[in-house]
Amino acid sequence: MTVCTMNIAVVGSGYVGTTLAACFADLGHEVTAIDIDEGVVDRLNRGEASIHEPGLDELIEEHAGDRLRATTDYDAIRDCEVTFLALPTPSREDGSIDASIIEGGARSVGEALSGGGNDHLVVVKSTVIPGTTEGTLIPAIEAGSGEAVGERIRVGMNPEFLREGSAVTDFLEPEKLVLGADDDWSHDRLGSVFEPLIERADPAVVEATVREAETIKYANNAFLATKISLINELGNICKEFGVDAYRIADAIGLDDRIGERFLRSGVGWGGSCFPKDVDALRAAAREAGYEPELLDAAVAVNDRQPERLLALLEDHVDLTGARIAVLGLAFKPGTDDVRNSRAIPVIEGLEERGATVVAYDPVAPAPMREHFPGIEYAESAAEALSGADGALVVTDWDEFAALDEEFEGMASPVVIDGRRVVEPREGLTYEGLTW
C-alpha cells in the first residue's frame, strides 16, 4: 500500500516537539520545526538534539537538512498542510496550567495563515485542560488569522503519551493513538498524518472529540499516578508487617484486572507530566465544583515517600554532620530531566538535618546544580560512596545494580534503597523503603 507523506510544521522544539519532529521525519513526512530560540534552531539544523533522549540524536542526525528543517519564522507554516502546537503549559502556584505560551503560539500560527491559502489543520499536541482548545486556542487562531475556524482552518487535538527515556520508542511503537477532532475533514487529515505509523505499528486508534482527547491525557496520567501511589501505600503497610512488598505485587499483578505494570513500590513519581497533570486536574476539578479526594490522597502519599526514606536512614545514621551519598538525580533512568525528581526533597531533607551531601547521576548533574549549587557532585558512584556514612538510592539506573566492592569504601556501609535496585550482601546494612 502507498502511504501518503505530508508537509508538517511543529511549533515548539522542547522535549515533545523535538521528538515529534524527528519521528515524523522518520515516517517520511517533510517536517519544519519552528522555535523562537535561535540556538535550538541552529542545533537542529546541524543535526544535534538539545535534550537527552535515547535514539533521538540518531534520528535528528539522519534527517536534518533533508526531511527535517528548523526555523524561527512562523511564515514557514504557509507551505505546510498541518501544524502541531507543542508548546509549554507550565503550572501556576495553585496547580492550574498557564496557557499563555501556547495561546501566543496559536495566535502566531493564525497570523502566518492569514490572507487565504489552502486548507490547514492546526493540531494541539500540548497537554491542556478540557475546554482550553475551544475556549482559548481557537479564539487566538481566529484573532491572528482574521477568519473563523471551521472552514479553511480547522483545529484538532492529539495528546502525547511519551515517556522520558523511551520517547522515540513510545512514538514509533504506540499502544494507542488518540485523534481528536469535531468534524470529519479534520479526523481524516489527522488520520492521514499518522497513516505511515498506523501501517508500521498497528496501534489501537481512538477517534474522539477535541474535548474528549484533552481529557484522555489527564485521565491516563492521573490513573497511573494513583496506581503508583496505591502500590506505595500498600508497600508501606507491607513494611510494617515485615512482608516483602515486591512479592505481594508479583502475586496481585497476575490478576488481569490489576496488571503487573506500575507495581514497583518505592520513593514515588516525579518528572514533567505526572505532578503537573495531576495538579492541573485537581485544580480544574475544584474550579468546576468537585473535590478530587482520591487524587489529593495520591499526591499526599507521593509527597511522604521521600520523608520515609530519610526516616529509615535516621534509624541507622546520625545525620548531623554525616556524609551521605545520594545515588540518582534524574526523576527516572534514561533521562537527564530533574523536574520534580524525588532527589530534590531527599537532598533538601538531608540538608535540613545537617548532613553533607555528595550526589551522583550518570547524566543529570548539570541540571541538578541549578537547584543545589552548593553540594558536592561525584564523577562516579564509587567516588560518591567513598567515605560516606550512608547512601540513598533514588533513581534505578542499571549501573547501581552492578555496585559491589564500591560499598567497601564507605565509612559506614548503610544503604537505604528507594528503588529495589541494589542487591543486599554480607557486610552491608541494607534496607528497602517498602520491603
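Predicted model: local features only at pLDDT ≥ 70, side-chain atom pairs only at ≥ 80, totals over all residues.
Me: Which domains does the assignment give?
Reply: Domain 1 covers 7-208 and domain 2 covers 244-434.

Me: How many Å separate their centres?
Reply: The centres of domain 1 and domain 2, taken over C-alpha atoms, are 33 Å apart. In the contact, domain 1 contributes 16 residues and domain 2 contributes 19 residues.

Me: And how much area do domain 1 and domain 2 bury between them?
Reply: About 1200 Å², with 50% of it on carbon and sulfur atoms.

Me: What about salt bridges between domain 1 and domain 2, how many?
Reply: The count is two. E164 turns up again here: its side chain forms a salt bridge with that of R339, at 3.5 Å from N to O. The side of domain 1 that touches domain 2 has four nonpolar, seven polar and five charged residues.

Me: Changing topic. Which residues does UniProt list under "binding site"?
Reply: The unreviewed entry gives F161, L162, R163, E164, K217, F262, L263, R264, S265, G266, G270 and K332.

Me: How spread out are they in space?
Reply: Up to 24.3 Å between C-alpha atoms, and over 172 residues of sequence.

Me: Which of them line the largest pocket?
Reply: The lining includes F161, L162, R163, E164, K217, F262, L263, R264, S265, G266, G270 and K332.

Terms used:
Residues numbered from 1 in each chain as written. Heavy atoms only, no water. Domains from an automatic or database assignment. Contact = heavy atoms within 4.5 Å. Buried area = accessible area lost by both parts, 1.4 Å probe. Salt bridge = Lys/Arg side-chain N within 4 Å of Asp/Glu carboxyl O. Nonpolar A, V, L, I, M, F, W, Y, C, P; charged D, E, K, R; others polar. UniProt positions renumbered as here; feature names shortened; annotations may be inferred. 1 Å grid on protein atoms, 1.4 Å probe; cavity = no way out; pocket = protein on both sides within 12 Å on 5 of 7 lines; lining within 4 Å.
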